[in-house]
Amino acid sequence: MPKTVRWGVLGLGNIAKKFADDIKLVPDCKLEAVASSDMSRAKSFASIYKVNRFYDNYDDLFKDSEVDIIYIASLNNNHYKHSANAIKHNKAVLCEKPLAINESQVKDLVYLSNERGVFLMEALWTRFNPVFDQLLKWISEGQIGKIKYIYASFSFNGTDRSHDSRLFNPEKGGGSLLDIGIYPLFLSYQLLGYPISIISDAIKSETGVDKQIAMIFSYKDSQALLYSSFSHNEDMRSKICGERGEIYIDSRWHESKSITLSNNKKTKKKIEFIGKGYFYEIVESNKCIREKRIESNKWTHKNSLDLVKLMDTVRAQNNIIYPNE
Ligand SMILES: NC(=O)c1ccc[n+]([C@@H]2O[C@H](COP(=O)([O-])OP(=O)(O)OC[C@H]3O[C@@H](n4cnc5c(N)ncnc54)[C@H](OP(=O)(O)O)[C@@H]3O)[C@@H](O)[C@H]2O)c1
């Protein structure tokens, strides 16, 4: 593997631009090629980000021998297809969350990654945020004792978006759970593990996907209240409460730059952040590729499988079904 990790980006929409801004900040890697279904979008993206090669189809990117890893930034319903295709062409994959729509698709991707010996990771960028490392450090030091309660929520007002938008269209894998509810689920899962039981209740859009959803995850001696919504804004601060203190991740917690510990004294940590926050998952992917790993030990294949199982359970409780499942 060359010293410089060569990235390709597939699907040149909103998130791809932010990601491309952060690639520029990471040492020893470069954005080598991009692909869109639309030639004018590919050309304009390549010109802005000074990319050597641009394609108006994804196959050419899969076949590009000078690309080591592809960042999949297409819509949720296409993550499985695009990631599988990339791996079959022996390209490492960093795929936007959710890694796929359901457990069966994630299982297939993990199987392919193992079979081909190719790196695969879900782009759960919050896991790689330095604030998250601080959170884990305080918890492992016992600063708040045993966790008893987690509150995590992710909402924004998306009521101006059409039924055909990626937020609401089931064909595009819409719904607040898969788009943003995945973050609160992740926080609870990462800190407390797989819950013993789940209660959830969704309010659905006319399109059949959830526009807001509330969940209670119960553990042996603790609980998590989790929520996501496209119906309103909110101050997104999360709380982790233990028997000896609390930790507050400041707003917006999933991309936070500061975190507060409150036990016998109050400690606020502000973290110097590089880029928009995607920097850290890029660094982790590069490291794994150089070490010839097929998964990160910070966000493993099993972690992605567990997370999608949790989302499948919540969807089943609320009869949220995607086309062709
Ligand atoms: N990590 C984060 O902070 C974050 C934030 C927002 C979104 N996301 C995730 O990133 C992914 C993309 O979100 P986005 O906001 O970037 O979406 P977007 O801008 O609406 O679309 C992304 C790309 O999807 C393809 N696409 C759009 N409409 C399509 C259609 N009708 N049929 C087929 N392909 C279509 C296009 O690819 P082409 O250019 O190839 O045509 C488009 O450029 C989603 O999975 C979302 O969950 C992550």
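Begin by selecting the ligand, which is surrounded by 22 residues, a residue being counted when one of its heavy atoms lies within 4 Å of the molecule; the closest are Ser36, Ser37, Arg41, Tyr58 and Asn76. Keep in mind that this is a predicted model, in which local features need pLDDT of at least 70 and side-chain atom pairs count only at pLDDT 80 or more, while totals for chains, interfaces and linings use all residues. Residues are numbered from 1 along each chain as its sequence is written, and side-chain values use heavy atoms, with hydrogens and water left out.

Next, select Ile15, where a backbone N or O atom lies 3.0 Å from an oxygen atom of the ligand, and then His79, where a polar side-chain atom lies 2.9 Å from a ligand oxygen atom; a polar contact is a pair of N or O atoms within 3.5 Å.

Now colour the two domains, whose bounds come from an automatic or database domain assignment. Domain 1 (5–124 + 278–298) and domain 2 (130–275) both give residues to the shell around the ligand, so the ligand lies between them.

Move on to Lys97, where a backbone N or O atom lies 3.1 Å from an oxygen atom of the ligand. The peptide bond from Lys97 to Pro98 is cis, with omega near -10 degrees, and Pro98 itself is placed in the loop between strand 5 (92–96) and helix 5 (103–116); helices (H or I, at least four residues) and strands (E, at least two) are DSSP runs, numbered from the N terminus.

Finally, select Asp28, in the loop between helix 1 and strand 2 (29–35), where phi is near 55 degrees, a positive value in a residue other than glycine.

Conventions: A polar contact is a pair of N or O atoms within 3.5 Å; within protein, one must be able to donate a hydrogen and the other to accept it, and residues adjacent in sequence count only if both atoms are side-chain atoms.
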